[in-house]
Amino acid sequence: MEYHTERINTGRKRATDEIAVFLMENFGLRYGYDADTTLAVRDGDKLIATASRTRGVFKYFGILPEYTGLNISGKLIDDLMEDAFSKGIYHYFIFTSPDKKSLFEGSGFKEVFTNQYASLLEKGSTDIHKYTENLKVIVGEGKDRGAIVMNLNPMTLGHLYLIEEARKQCSELIIFVVEEDESVFPFADRIAIIRQQLMKYPDVKVLPGGEYIISKATFPTYFLKKVDDDITAYTSLDAGIFLKYFVPALGITKRFLGEEPLDKMTYLYNGTLKEVLEEGGLEVKIIKRLEKDGKIVSASRVRQYLRDGNYYEAFKLLPEATREFLKTPEGERIIRKIQEE
């Protein structure tokens with residue numbers, strides 16, 4: 001039996017629609033239209049298999065049952081790895097259903113975490129053990145440590161309030177900054193701003209979230225802002241990884257969350273996160289959000305003020321480091337970008 005692999009033009013809707021229909025009709029999988037590369041395998045004109053890559057994440061695998069046992073999955077993985085390598089990507093993830101895990105382990109991928117919903121595997125130049133060991137070197141030994149995960153798009157007085165309240169309830173505080181560049185404020189600027197703002201606090205360590213905390217690999221729905229059945233799967237995976245690796249490596253005993261009455265996606269995320277973390281023995285504290293002028297202080301509110309050109313109201317909600325950043329050429333560029341959206 002002969003078959004051939006072709007690269008789909010992801011900018012062509014007709015081509016990607018064919019993949020979307022194939023995945024949904026045969027496997028009940030949704031194609032996200034977010035792939036950098038999508039491969040299609042055909043037997044003659046018949047589409048029999050597909051797989052995609054978004055940066056280092058391999059996903060949307062589907063092979064018709066009658067074509068299993070022909071190492072098509074291995075060939076797709078090899079092609080995606082070669083494609084990623086050519087783009088300077090040397091670390092790869094696969095997010096799949098638990099029953100498909102062994103299929104990818106046969107291609108050299110190692111399990112990061114599996115629960116009843118999903119399995120995350122990785123392969124390449126590093127792994128989660130090396131990553132957490134490097135973080136441990138940075139923060140050293142400690143006890144009674146709290147942790148917060150923040151996006152900071154941008155850092156507001158609300159974020160600072162959450163940090164101040166958390167500091168009162170633990171000896172040391174670790175802040176993980178979401179590293180994915182899916183926000184209008186780039187990661188490099190977000191982490192630089194919070195480090196500048198918190199320089200006076202020796203008990204607070206600011207760390208990059210890397211590829212394991214709310215990333216495209218572990219939590220793609222977070223960036224899509226889409227409320228659907230995937231939230232439980234992704235959040236449980238995100239929480240499970242945090243419990244299994246970050247908590248023991250860094251001596252974390254508490255996780256702090258900001259109360260979320262506005263954003264439904266974050267509200268559901270917090271609820272599932274709290275449930276999974278507490279089941280795993282980690283104490284979870286939810287802190288009430290800061291209000292100004294009768295309204296919750298949020299990054300989205302700041303961005304709206306900037307979009308409207310209302311800098312006075314925006315700056316009232318920002319700590320010094322964010323205000324100073326917005327006065328720089330890079331900060332002014334970001335404001336223009338917000339206003340052009």
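Trainee: What makes β11 and strand β12 (residues 283-287) a pair?

Mentor: In this predicted model, β11 and β12 are joined by 5 bridges in the parallel sense. Two strands pair if there are at least two bridges between them, so β11 and β12 qualify. Within this pairing, Phe256 has Lys285 of β12 as its bridge partner.

Trainee: Why is strand β11 (residues 252-258) called largely enclosed?

Mentor: Buried means under 20% relative accessible area. Of the 7 residues of β11, 5 are buried, so the strand is largely enclosed by the rest of the structure.

Trainee: Which helix belongs with β11 and β12 in a β-α-β unit?

Mentor: Helix α9 (residues 264-279) does, and the unit is right-handed.

Trainee: What is the span of helix α13 (residues 329-340), and how does it compare with the expected value?

Mentor: Its 12 residues reach 17 Å from the first C-alpha to the last, close to the 16 Å expected at 1.5 Å a residue.

Trainee: Which residues of α13 are buried, and why are they said to lie on the same side?

Mentor: Gly331, Ile334, Ile335 and Ile338 are buried. They cover an arc of only 100° around the axis, which puts them on the same side of α13. On the other side, Pro329 and Glu340 are exposed. The elements covering the buried residues include α6 (187-197) and α10 (299-307).

Definitions and conventions
Residues are numbered from 1 along each chain as its sequence is written. This is a predicted model: local features need pLDDT of at least 70, side-chain atom pairs count only at pLDDT 80 or more; totals for chains, interfaces and linings use all residues. Side-chain values use heavy atoms; hydrogens and water are left out. Buried means under 20% relative accessible area, exposed over 50%, partly exposed in between (1.4 Å probe, protein chains only). Helices (H or I, at least four residues) and strands (E, at least two) are DSSP runs, numbered from the N terminus. A crossover is right-handed if, with the strands pointing away from the viewer, the path from the first strand over the helix to the second runs clockwise. The expected span of a helix is 1.5 Å times one less than its number of residues. The arc is that of the directions from the helix axis to the C-beta atoms. Contact means heavy atoms within 4.5 Å.
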